[in-house]
Amino acid sequence: MKKSPKHYDVIVIGAGPAGYVAAIRCAQLGLKTACIDHWTGKDKQHSMGGTFLNAGCIPALTLLESAKLYRTITEQSAIHGIRVSKAELDIAEMIQHKDEVLRSLSDHIAQLFDSNQIDCIFGTAQLMDAKIVQVHPIEKSSKAYLLECDNVILATGSSSVDIDAARIDGDKIVESYTAMNFSSVPKRLGIIGAGVIGLEHASIWARLGSKVTLFDAQNDFLGFVDDQIVDEALKIYSKQGLDIRFRARVTATKKTPKSVRIEYEDPDSSHQLSVDKLIVAVGRKPNSENLASAEANLLLDENGFVHVDEQCMTNLPGVFAIGDLVQGPMLAHKGAEEGILAAEVISGKERSLHYSVIPNVIYTEPAIAWVGQTEQHLRSTGEPIKIGIFPFSANACALSTGKSIGMVKIISQKYSDQILGVHIINPCASELIAEAVLAMEFSASTEDLARTVHAHPSLSKALHEAAMAIDNRALHIPPSETH
Amino acid sequence: MKTEVLVPNLPESVADATLITWHKQVGEPVQRDENLVDLETDKVVLEVPAPDNGVLEKVLQQNGATVTSGDLLAVINIDKSATPSEDTIDQATEESPAQALSPAVRRLILEHELDSNKIPASGKAGRLTKNDVLDYIKTDVTVSEQATPEPIVTTKTPPPNVVTPGPAPTPATSDSRPEQRVPMTRLRARVAERLIQAQQNSAMLTTFNEVNLKKVIELRRDYKDSFVKKHQVKLGFMSFFIKASIEALKRFPLINASVDQRDIIYHGYYDIGIAVASERGLVVPIIRDADQLDFAGMEKQIAEFGVKAQAGRLSYEDLSGGTFTITNGGVFGSMLSTPILNPPQSAILGMHSIQQRPWVENNDVVVRPIMYLALSYDHQIIDGKEAVQFLVAIKESLEEPSRLLLNI
């Protein structure tokens, strides 16, 4: 049979949360779709889902759950009248459990591709021009080949940023993926970068017994999170034994056979600290290098992000880019929404995204979730606002189920009462935030929230009461004098 | 295909207009020429019709907004049926989003007795947000400061004030002494405010007199047919009163003047306002340079104004200005009244019903058609003596119409 390049309506490069969602949506819209992805799992098999599934949110969530369970058993069962004599930790099994979760999720995506008749190709890809993609199969013996298509969706995601002061070696100085696969609990764990990823790692290993020290060079710790929530989070993290060194810039690292010596500077002076493992989590950069051949002329911006318009189309007609590859918050659901947008635009529909109502979650323990604007941002713009706060310590369900940590904070426009921002810190924050996102999508006011019936007892009641607190009429906390 | 709805060209002297109320909501179908929205200037309410059949897709100005000629008010999707295509994300479901009211919106509508259909919606798929309703409440109550007053003649049966329908009144309570609380319509509230202002900013008094209209009536009776034949318009009473007023104004120019703070402005022209009843209430179109018109000219203008007023088609120019006003409560049966000034004018003449009354002539008691006249005036510039003499001059001209001919 003559081998002419196979033709697709759409080729998606990358099967992370943006890419695989884009591929499925394309298939739903009747487009002949192929998806090329190169992530190799521990078992040397193709593992779908990208960083998200293999080295990011999913393993973090799974390991955190294991770590929380360990902590609950060792420290909190006594108050329930449950005595556990000795709880042992087998990290290898814990990691294996995590791997099984990843495998089943990856298989689930593979099944979805199958049932949607998406051709899944295990390999790397390069855009040759707007309609031609070159595939390099992972299988070394197979030759590279070309595929033709009408449209391309680029979804190659991002990678950890390397810093000179602490070059990753995959052994002692590591990034996320390796950190999700430690063979034992590091006694002393250093983390460069106290952002979302750094804190998530810290949460896991601190619970498993590491002495965790975080180094953050920025002036502003979690600057994009509401200040009041950050204060609350810091108090909680300190109690958990996290040691965060602010304004601390790591200048050099020296490896010894058993440890890493970190040299760092803060506004006062220089310091040193030795750790057993060091995680580098200072940020992520888009995987745009070698994504396209030079002849393709794919336009990148000065930070390496692929340039796109508001429909996610690049400078090459019919070529779209989504997810961490383009500017915007590096969130899985943001990439997925862009994937859906691109698929629908390709199939001829008019679409647009608006980014103002996208939830953010930090999967620490307790988690932090928010949507909309922070108080500090609104005050800096001079917007007149009202604030309603409700602590989970006053929520019946939280007290009953040991989740009474944290608070809900709602910010609304002073006159129109429109909800401008909702911030939650609580173990269930990532679920509770959904109600707030929905409310903001419909331009709801806090009164709308206050007049919607919420189940009692439930954690969601805290949102209900926070909405009432806007007008100083929450039922389960005393009236505030400062209102 | 989409078409834009723009603010029509406003009259020259009008800088802008206030958007009073939308009659259609986003997502609603509209018919060609159907009234979409009312725009209010100083004097008139302009209706903006839909240019074509379609669905109202976007509303760009809200109630209470200030707009000028050419501003974009709305976008209409032409030829779209009421059910939008599947392509649009924000599409109406079987239940129109307008009916899907959020809790806060429901509460506000209940408390303020509003009609949700009248409130422009800015929310998702045409939904009302709490802010939409709050804005609507704010602007509905706000009174336009640029409006001129419309003199309310205190008569036994006030003219029907059929303006933009107000909110539905609360249903009567179940006990035997029901009450209804109905907020004022916009127009009413505006008029109310201006009337109070008129009283507060002037030292208003009224002087009365009576006039024997026998000779005027005879004149009319004798010449009415030939008048109509020659001029194609009926000879009414008003032209006599206008003529008589003008002659008196010439003799007492202070009555034709206005007060502006501490200045008296003497007007060298005679723009006489004639109060007429219309659908929207009492309006006062102006006969400009009335001294230049003959009887027929005046009657024609009055007839024209009457027709326009009934059709709600009086233009801004028709209603602006005026140096003196004549109002006639007699058509409704008023015997006597104290008309209210029409600021910035300093005086207003009130005509009343003509009754056969006993009258003394040459020491005999006879029966004559008598009308009581009232002149309300601003004592800030007009003294009692002048006001009285002015009214006497009018009376004398009417009792002896030949004086108008001879200018004495």
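A disulfide is a covalent bond between the sulfur atoms of two cysteines. The model described here is a predicted one, and every value below was computed from it. In A:Cys397, the sulfur lies 8.0 Å from the closest cysteine sulfur, which belongs to A:Cys428, and this is too far for a bond, because two cysteine sulfur atoms count as a disulfide when they are within 2.5 Å. A:Cys397 is a buried residue with a relative accessible area of 17%, and A:Cys149 counts as buried as well, at 2% relative accessibility. Both values can be read against the cut-off, since buried means under 20% relative accessible area.

### Chain A as a whole

Chain A has 483 residues, and buried residues make up 50% of them. Its secondary structure consists of 13 helices and 21 strands. How many of the contacts in chain A between residues at least 6 apart in sequence join residues at least 24 apart? The share is 62%. The accessible surface of chain A comes to about 22300 Å², and carbon and sulfur atoms account for 52% of that surface.

One part of the surface of chain A is a nonpolar patch of about 330 Å², made by A:Leu69, A:Ile73, A:Ile82 and A:Val84. Of these residues, A:Val84 lies in the loop between helix H3 (57–76) and helix H4 (91–115) of chain A, and at 40% relative accessibility A:Val84 counts as partly exposed.

Strand S8 of chain A, which covers residues 188–192, is mostly covered, for four of its five residues are buried. This strand S8 of chain A pairs in the parallel sense with strand S9 (residues 211–216) of chain A, over five bridges. Within this pairing, A:Leu189 stands opposite A:Val212 of S9(A).

### Salt bridges

Over all chains, the structure holds 46 salt bridges.

| A:Lys6 | A:Asp119 | 3.1 Å |

The salt bridge between A:Lys6 and A:Asp119 links distant parts of the chain, with A:Lys6 in strand S1 (residues 6–13) of chain A and A:Asp119 in strand S3 (residues 119–129) of chain A, 113 residues apart. A:Lys6 is partly exposed, with a relative accessible area of 43%, and A:Asp119 also counts as partly exposed, at 28%.

Elsewhere, salt bridges that share partners join A:Lys386, A:Asp417, A:Glu447, A:Arg451, A:Asp471, B:Arg107, B:Glu111 and B:Lys130 into one network.

### An open sheet in chain B

In chain B, four strands form an open sheet in the order S1-S8-S6-S3, and their pairing is antiparallel. Which strands stand at the edges of this sheet? They are strand S1 (2–6) and strand S3 (29–30) of chain B, each of which has a single partner strand, so that one side of each is left without a neighbour in the sheet.

Strand S1 of chain B pairs with S8(B) in the antiparallel sense over five bridges, and B:Glu4 stands opposite B:Val75 of S8(B). In a regular strand the side chains alternate between the two faces of the sheet. In S1(B) the covered face holds B:Thr3 and B:Val5, while the uncovered face holds B:Lys2, B:Glu4 and B:Leu6.

Strand S8 of chain B, residues 72–78, is also paired with strand S6 of chain B, residues 54–59, in the antiparallel sense and over five bridges. In that strand S8 of chain B, B:Ala74 is the bridge partner of B:Val59.

Technical notes:
Residues numbered from 1 in each chain as written. Chains lettered and ligands numbered in written order. Predicted model: local features only at pLDDT ≥ 70, side-chain atom pairs only at ≥ 80, totals over all residues. Heavy atoms only, no water. Patch = residues over 30% accessible without salt bridge, like charges linked within 9 Å, V, L, I, M, F, W, Y side chains within 5 Å. Areas by Shrake-Rupley, 256 points an atom, 1.4 Å probe, with all protein chains shown as cover. Salt bridge = Lys/Arg side-chain N within 4 Å of Asp/Glu carboxyl O. Helix = DSSP H or I, 4+ residues; strand = E, 2+ residues; numbered from the N terminus. Buried < 20%, exposed > 50% of the residue type's maximum accessible area, 1.4 Å probe, protein only. Pairing = 2+ DSSP bridges. Contact = heavy atoms within 4.5 Å.
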